[in-house]
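Look over the sequence and the structure below before reading on. The report then takes up a few local features in turn.

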Amino acid sequence: MSVLKSFKSSSNPSFLFFTPTKPKLPLKTPSSSSSSSHKVWSHRSCSFVGKTSYFCPRKISFNKSFTLFSVKHCSTSSFEECNRVSRRSRGPVMAARKASQGKKQEDGKYKHTVDLPKTKFGMRANSVVREPEIQKLWEDNQVFKRVVDRNNGGSFILHDGPPYANGDLHIGHALNKVLKDIINRYKDESEAVPLAPFGTYGKLIGIPDPGPEIASSTNQKLRVLILSKLLQNYKVRYVPGWDCHGLPIELKGKYYLALLQSMDYDARKELTPLKLRSKAAKFAKDTVKTQMKAFKRYAIWGDWDNPYLTLNPEYEAAQIEVFSQMALRGYIYRGRKPVHWSPSSRTALAEAELEYPEGHISRSVYAIFKLVSASPASNELFKEFFPNLCLAIWTTTPWTVPANAAVAVNANLQYAVVDLHSLSEDVPSSEGSGKRLVGSALKSVQRKPFLIVALDLVPALESKWHVKLTVKKTCLGSDLENCRYIHPIDKRECPVVIGGDYITTESGTGLVHTAPGHGQEDYITGLKYGLPVVSPVDDEGKFTEEAGKFSGLDVLGDGNTAVVKYLDENLSIIIEEPYKHKYPYDWRTKKPTIFRATEQWFASVEGFREAAMNAIGHVTWIPAQAENRISAMISSRSDWCISRQRTWGVPIPVFYHVDSKEPLLNEETVDHIKSIISQKGSDAWWYMSVEDLLPQRYRSKASEYQKGTDTMDVWFDSGSSWAAVLGKRDNLRYPADLYLEGTDQHRGWFQSSLLTSIATKGKAPYARVVTHGFVLDERGRKMSKSLGNVVDPITVIEGGKNSKDAPSYGADVLRLWVSSVDYTNDVGIGPQILSQISDVYRKLRGTLRYLLSNLHDWKTENAVSYGDLPIIDQYALFQLENVVNNIKDGYENYQFYKIFQIIQRFATVDLSNFYFDVAKDRLYVGGTGSYTRRSCQTVLVAHLLSIVRLIAPILPHLAEDVWQNLPFEHTSEDGSVAKFVFESRWPHSNERWLAMNAEDVDFYGKLLEVEILSSMGNGIAESIPYSGDCLIQGKKVWVGVSRADGSKCERCWNYSTKVGSFSEHPTLCSRCYNVVGVQPLPVVAAVS
């Protein structure tokens, strides 16, 4: 590298050096049969950019040499000009522009001979105005329908997960819908190419027919390549949907809330179910219109004229049919079981309707229940400790103690009888929320009782209770079975029972207070022993009269406090302390829930769990770990509670006998109700009489029955969409190719759809599932109005009140952001990120504008055949084809962030910083019809038509804007003119462009890493060449730099010894002299 150092230390104004870097893009390179020992950069070979330095790469081989712009035919510029050097070509452009603007630039007499860029395509997007114009263009011309109808291959079905119609859209909606639209647009754009002779293939992908010799060897490769396209000629059918039932509408609907808040008691009594349903339906439909408008502004293509709404009669009837099929297969049953109950919503909830926020604090107690007898088998074991022997339990829900029916132990755990000794006569205690309280059982002056606890927990309990526990005797949990204790509140005798593996020594005492009416494990254990299912709690979460002295108290408030106080007054509390843990909240009201036993309708997941687990393994999950997540959920979930105590929803089609309360539910009754709902909607259940709702043969007994009042879980609504939409609509099919939603839908829509489909059809409703993460702010925080970090997608697009703080970026920038993130994880967005994305968009728009403006005079017949292109142009096409292939892989694998990275680098580095820079001289001053200009334009056309289609799925407005500004018509292979970008289809693969010599590829890859230093002063050693060689990545490179000879040409600003040689134009070099017409040079025609 010493020669390079000598360059830097000299006063010569411009230097060259290598900056080796890792390749940024994977390039497909053919194998090379031979390679040269070294490369030469000669200072006398040809022209290149720079002020006073120049070089030209020249490959040394046995029978071949080439220059940077070598061609098979004569160029418009003679090679006597190897002694001239180009200044950066923006020189003549700037000169011409200044002259055209009336500024003094000598006499400016050659300004009209410079081929300046021309286009109406603006550098500024003006997206607030232009994007709606483009969307109207699509709508007026029904472009989406035209593209779908044109495709003649198989269909591609991305089934839309229905968002709730309960408010404005947020940035998560934008992420979800744009991801779907990118996929759909790509599938729309891809095409199949029929088998044809080689010459037909060549025309499709820009290769002239090479004759039988080459065709015979290449045809098979092209056949294989193009056959793969047959799978991409999709008819995309995207039907957007909305979930319109349930609490999101009933509780958050503005009409309903406003109505309740403004009405007095008598007026509320007049709020009949039908009136409430009418208000909820109106709110849902209005919200659908609002959200639909926003989705359209995001440029989401779909069948907006025929969306699916879960409140539509045909949808509700299909949902009833799914329920019927599950019931007939024995998967639907009614039972009294503990379910998640929301006192704030007054309804049962499914697991998918819960959230578990951090930081919930429960009031936990260690309590003692006094044993009164041992089982016959263990009487001898414990008799010495009676009557002072107690069971020690721990619970975070003291309010459930009134419903206690047993204490459960693990049969295989070791338990100990311990003697309890206080460490201090004066045990510290404190009052108040959030502090540890010592109970009366420890403070009592009476003799402390013997306690039974898990042996492994003795040290932990000593530390927590601040006592000394002396082990007196040990036993197995099985020895405690059938011992009996006195209920601490109502004094009845209760048994000790054997529980399941849920009883561990990780926390608590190893003994579990069991209330079958308030816990799932408790319920299962209670079934085994025939324990009573007691649940003295009403719909509002208050104790009923069955709870005695606690009647009317709120179980999560003063009722909980009253139970703890009662236990402590009766010497049953050891320690009370706050316990911070995850606790189930109603995801709509954001308030705590409870477990409560009620009569509900359930879907027996156990009946088809194994089939569901098998189906999961046959689905492709993206990312792959999503399979583990949903598998864990399905394998461990309990039966699905599908009934809700709400008015706004699809009714469970069941009648109850007035006296026996036995349900009437069979195929005949359900089919009759389904036929009614399909015509009149689910409102019919509320306004029609029992007699009219029953089939003919039951009407004589109509007075003996009454309608049920429960509605279906909204997850059953949306989980039936595969049947109501995919299974009922023309041009759709079941199962869908793809479901795409947020990661929270593993416990929601993905799961409910899977369960209903498996239960009725025996297979999953989807072939592939893609999940995305949540959207956070730039600092990784959850968005919140209180934090002021909420990003509104419409504000991103249209701008805010303060244009400086909230500029209008347009939908394309929002979509570009979606493509830039790895959506399989949580993603961030904010002002800084959007600003950066906007910069990328602006540079890409500038690249496309450059392409358009330099093709203003392009005609198809001007194209230069590939074999006659200079090497640098062939390399540019080689790069382009690699980019097309890599981007295609990104779309196929749903890795859009890789597409973003490829496009960003290709447009701003490979094109703008290199090829465009060196092409300007050929384009602007080489002569309108010159061979060098036409060869360059041939490459620019290929880039423009490829790039605009590559980005179209992500940036449809930009792509269409470019397409509408094309200075020529693009004709498809069938002879039709593509009036819109999505009629042009995906770029065809071109194997010939990838067949460039491997050594040339390697060389030009390194050439792109050359940098030219700017002038370092005027003190230049005249006519002193600097030269040397060095090793670059193991190869010997010779470098030469010298001062340019001759004078600067007035027109092109290049230095040449021929300036002054032409009397008519003494300020021109020979090339410019020829161009301006003194010595016309015929344009070289492309030879096929």
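This is a predicted model: local features need pLDDT of at least 70, side-chain atom pairs count only at pLDDT 80 or more; totals for chains, interfaces and linings use all residues.

Residues are numbered from 1 along each chain as its sequence is written, and side-chain values use heavy atoms, with hydrogens and water left out.

**Aromatic rings**

Rings of Phe, Tyr and Trp (its six-membered ring) pair if their centres lie within 6.5 Å; planes under 30 degrees apart count as stacked, over 60 as edge-to-face and the rest as tilted. By this rule there are 36 aromatic pairs. One of them is formed by W301 and F982: the ring centres are 4.9 Å apart and the planes stand at 55°, so this pair is tilted. The two residues are 681 residues apart, with W301 in the loop between helix 11 (273–297) and strand 8 (308–309) and F982 in the loop between helix 32 (956–964) and helix 33 (998–1007). Helices (H or I, at least four residues) and strands (E, at least two) are DSSP runs, numbered from the N terminus.

Buried means under 20% relative accessible area, exposed over 50%, and partly exposed in between (1.4 Å probe, protein chains only). W301 counts as buried because its relative accessibility is 9%, and F982 counts as buried at 0%. The rings of Y308 and Y315 have centres 5.9 Å apart and planes at 5°, so they are stacked. Both Y308 and Y315 are buried. Ring pairs also link Y186, Y823, Y891, F896 and W986 into a cluster.

**Charges over rings**

A charge sits over a ring if NZ of Lys or CZ of Arg is within 6 Å of the ring centre and within 35 degrees of the ring normal.

| Charged residue | Ring | Distance from ring centre |
|---|---|---|
| K337 | F602 | 4.7 Å |
| R596 | W341 | 4.5 Å |

**Peptide bonds and backbone angles**

A cis peptide bond joins F386 and P387, with omega about 5°. The bond from Y734 to P735 is cis, with omega near 0°.

N126 is not a glycine, yet its phi is positive, about 50°. With a relative accessible area of 47%, N126 is partly exposed. R985 has a positive phi near 70°, and R985 is buried, with a relative accessible area of 13%.

**A strand residue**

L476 lies in strand 18 (residues 467–476). L476 and L413 are 63 residues apart in sequence, and their C-alpha atoms are 5.8 Å apart in space.
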